[in-house]
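I opened this entry to keep track of what I looked up. The structure comes first, then my notes.

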Amino acid sequence: MENMKRSTGRSSGSVRSVLSSYVLVLLMVVSTIIVCQLRVNSLQPKLKEIEDLMRENKLAEEVAHARRDRRGATDVIEDFSPPFDGGLSGGAMFTHWGRHACAEDLETVYAGKVGGSDHNKHGGGSNYLCVPTLNVTWDHYVDGPNSKTFLYGAEFENPGTGFFSTDNTQAIESIQDYDVPCAVCRVPTRRSVLTIPAWTSCPSGWTQQYRGYLMAGHESHKGRNKFECVDRAPDIFKGTYENKNGALFYLVEGVCGSLPCGPYIANRQITCVVCSI
Ligand SMILES: [Ca+2]
Ligand SMILES: [Ca+2]
């Protein structure tokens, strides 16, 4: 019995000892956690400072990257764009058919006479050209008919009466067979030029460069030409009244039925206006 009491007492002592050890370990763990937490808390401002620095550094990198991109884009734009001048650079180009020079407020790039393919032959070009009469220069050449493609001069054909003013014809009453002048014009302050058939004035906001009659080749001839607007007060080349033909300018008439009858009238000569904006 006595032994049992001693044994029980030893067991209780062991249990207390073990419990004490657990409590001690627990206290150590708790104290360690508290110390760590305190350490974490003390590091928090430093951590935030580091995060702020990283963020700022990232932002700085992003700003630097964006600046590099912008510089690259600016270089590309400068490579392909002229210096900004308020949007007036460039100018618009057109050919003033029937006049020796452009209007005074325009730049006459060059003047000449109209050329084209023969009115009654196949082949060649289908457009009228404004061919310079000054400073004609050659590169390599072999004289003689070699390629069988020719550039002719152009003249007025069957211009009728009452259509064209004689204001600029130097007292010549009829422009029949006279060679057709032309001038290539630049409108420095405009960006667009448009030829409008069947109108004698420009749309609102547009400026009229000139007006006249639509002209092209004769439908029975083999050649084809572009329609061009020829000034209703043409200049002439004095002394060119000989009938040389070549490329020809005829007044163009509307065909009612194919075009809507009203506004268009059968066989009525089509007007035109050249406008810029
Ligand atoms: Ca002629
Ligand atoms: Ca003729």
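I began with a definition: a residue is buried if 20 or more other C-beta atoms lie within 10 Å of its own, exposed if 12 or fewer, and partly exposed in between, with C-beta atoms placed from the backbone. By that rule, 22% of the 277 residues in the chain are buried.

I noted that this is a predicted model, in which local features need pLDDT of at least 70, side-chain atom pairs count only at pLDDT 80 or more, and totals for chains, interfaces and linings use all residues. Residues are numbered from 1 along each chain as its sequence is written, while chains are lettered from A and ligands numbered from 1 in the order in which they are written.

Next I looked up the secondary structure, where helices (H or I, at least four residues) and strands (E, at least two) are DSSP runs numbered from the N terminus. I found 1 helix and 10 strands. The order from the N terminus is α-β-β-β-β-β-β-β-β-β-β.

I then checked the backbone. Most residues other than glycine have a negative phi, and most peptide bonds are trans. I listed the exceptions I came across.

Asp177 has a positive phi, near 70°. I located Asp177 in the loop between strand 4 (152–156) and strand 5 (181–187). It is partly exposed because it has 17 C-beta neighbours inside 10 Å.

Ala198 also has a positive phi, about 70°. Ala198 sits in the loop between strand 6 (193–197) and strand 7 (207–216). With 15 other C-beta atoms within 10 Å, Ala198 is partly exposed.

Last, I found a cis peptide bond between Gly262 and Pro263, with omega about 20°. Pro263 belongs to the loop between strand 9 (247–251) and strand 10 (271–276).
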